[in-house]
Amino acid sequence: MSDWIYSDTVKDHFTNPRNVLLEDEKTFPAQGRGLTGNIVCGDQMLMLLQIKDDIITDVRWKTYGCASAIASTSILSESIKGMNIADAYNIKPEDLVEKLGGLPENKIHCSVLGDKALRAAIDDYLAQAGRAGELQEETTVICTCLGITDKDLERAYQNGARSWEQFQQATKIGSSCGECKDKALELIHGLEHIYGK
């Protein structure tokens, strides 16, 4: 095997992942269930939350993802226990990457599965409680010239944009100074990983 390119923290959470759902979902009665990803590209994430008075008391998860997805979700699952759902809702992949001591650039997009599944599980909990839409995910501005956010690009992707030209057509991204192109392409690559091509 070649040299390990990940941090010791990544290695620990990959080889000894915490809070993994080892049995059937029925063995872990959850108040919130979130499923995200696309099995076609190989990565899919299930997250189950036990919640009392808006505090996450326990969590289980399962994934078909790579070492980065497993490690980032393992550390996420440890971080959110005892956390209020409003705080947990806005955890970002970069928060997880920092806790892991970094990830290779080409693997950072793998860390988005856990936080997306977490938000889906919290949304499920809120919907069951008749509180749908109570929490909103924070957005990140990708194109400062035109104020285009990561959510704008995600919506365009969900509506069929795949090429740079299609994203420009849908959002006008990169049509001003063009400095956002690299950041936008990185995000688009992450969306391909989540939703499939």
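Predicted model: local features only at pLDDT ≥ 70, side-chain atom pairs only at ≥ 80, totals over all residues.

Biologist: How many salt bridges does the structure hold, and what makes the pair E25 and R33 one of them?

Modeller: The structure holds 14 salt bridges. The side chains of E25 and R33 meet with N and O 2.8 Å apart. The criterion is a Lys or Arg side-chain nitrogen within 4 Å of a carboxyl oxygen of Asp or Glu, so the pair qualifies.

Biologist: Why are E25 and R33 called partly exposed?

Modeller: Partly exposed is the class between under 20% (buried) and over 50% (exposed). E25 has a relative accessibility of 29% and therefore falls in that class. R33, with 38%, is likewise partly exposed.

Biologist: What makes R119 and E137 a salt bridge, and which parts does the pair tie together?

Modeller: The closest N and O atoms of R119 and E137 are 3.0 Å apart, which is within the 4 Å limit, so the pair is a salt bridge. R119 belongs to helix α5, whereas E137 sits in the loop between α5 and β4 (141-143); the pair therefore ties together parts 18 residues apart in sequence.

Biologist: What makes E154 and K151 a salt bridge, and where do the two residues lie?

Modeller: Their closest N and O atoms are 2.4 Å apart, so the pair meets the 4 Å criterion. Both residues belong to helix α6, three residues apart, which is about one turn of the helix. E154 is buried at 9% relative accessibility, and K151 is buried at 14%. Through shared partners, salt bridges join K92, D115, K116, R119, E137, K151 and E154 into one network.

Biologist: Why is D150 said to have no salt bridge?

Modeller: D150 lies in helix α6. The nearest side chain of opposite charge, that of K151, is 4.8 Å away; this is not within 4 Å, so no salt bridge is assigned, although D150 is buried. Setting aside residues up to four places away in sequence, D150 touches T139, T140, I142 and L187.

Biologist: Why is T149 called buried, and which residues does T149 touch?

Modeller: T149 is found in strand β5 (residues 148-149). Its relative accessible area is 11%, which is under 20%, so T149 is classed as buried. Leaving out residues up to four places away in sequence, T149 touches T139, T140, V141 and I142. Between the C-alpha atoms of T149 and T73 there are 24 Å, and the two residues are 76 apart in sequence.

Biologist: What volume does the second largest pocket have, and which residues are closest to its centre?

Modeller: The second largest pocket has a volume of about 270 Å³. It is lined by 14 residues, of which K116, E137, K151, E154 and Y195 are the closest to its centre. Two or more lining residues come from each of β1 (32-38), α5 (112-128) and α6 (150-158). The lining of this pocket divides into four nonpolar, three polar and seven charged residues.

Biologist: Why is R131 called partly exposed, and with which residues is R131 in contact?

Modeller: R131 is placed in the loop between α5 and β4. Its relative accessibility is 23%, which lies between 20% and 50%, so R131 is partly exposed. Apart from neighbours within four places in sequence, R131 is in contact with D54, I85, Y125 and L126.

How values were computed
Residues numbered from 1 in each chain as written. Heavy atoms only, no water. 1 Å grid on protein atoms, 1.4 Å probe; cavity = no way out; pocket = protein on both sides within 12 Å on 5 of 7 lines; lining within 4 Å. Points joined across faces, edges and corners; volume = space filled by probe spheres on them. Helix = DSSP H or I, 4+ residues; strand = E, 2+ residues; numbered from the N terminus. Nonpolar A, V, L, I, M, F, W, Y, C, P; charged D, E, K, R; others polar. Buried < 20%, exposed > 50% of the residue type's maximum accessible area, 1.4 Å probe, protein only. Lys, Arg positive; Asp, Glu negative; His and termini not counted. Contact = heavy atoms within 4.5 Å.
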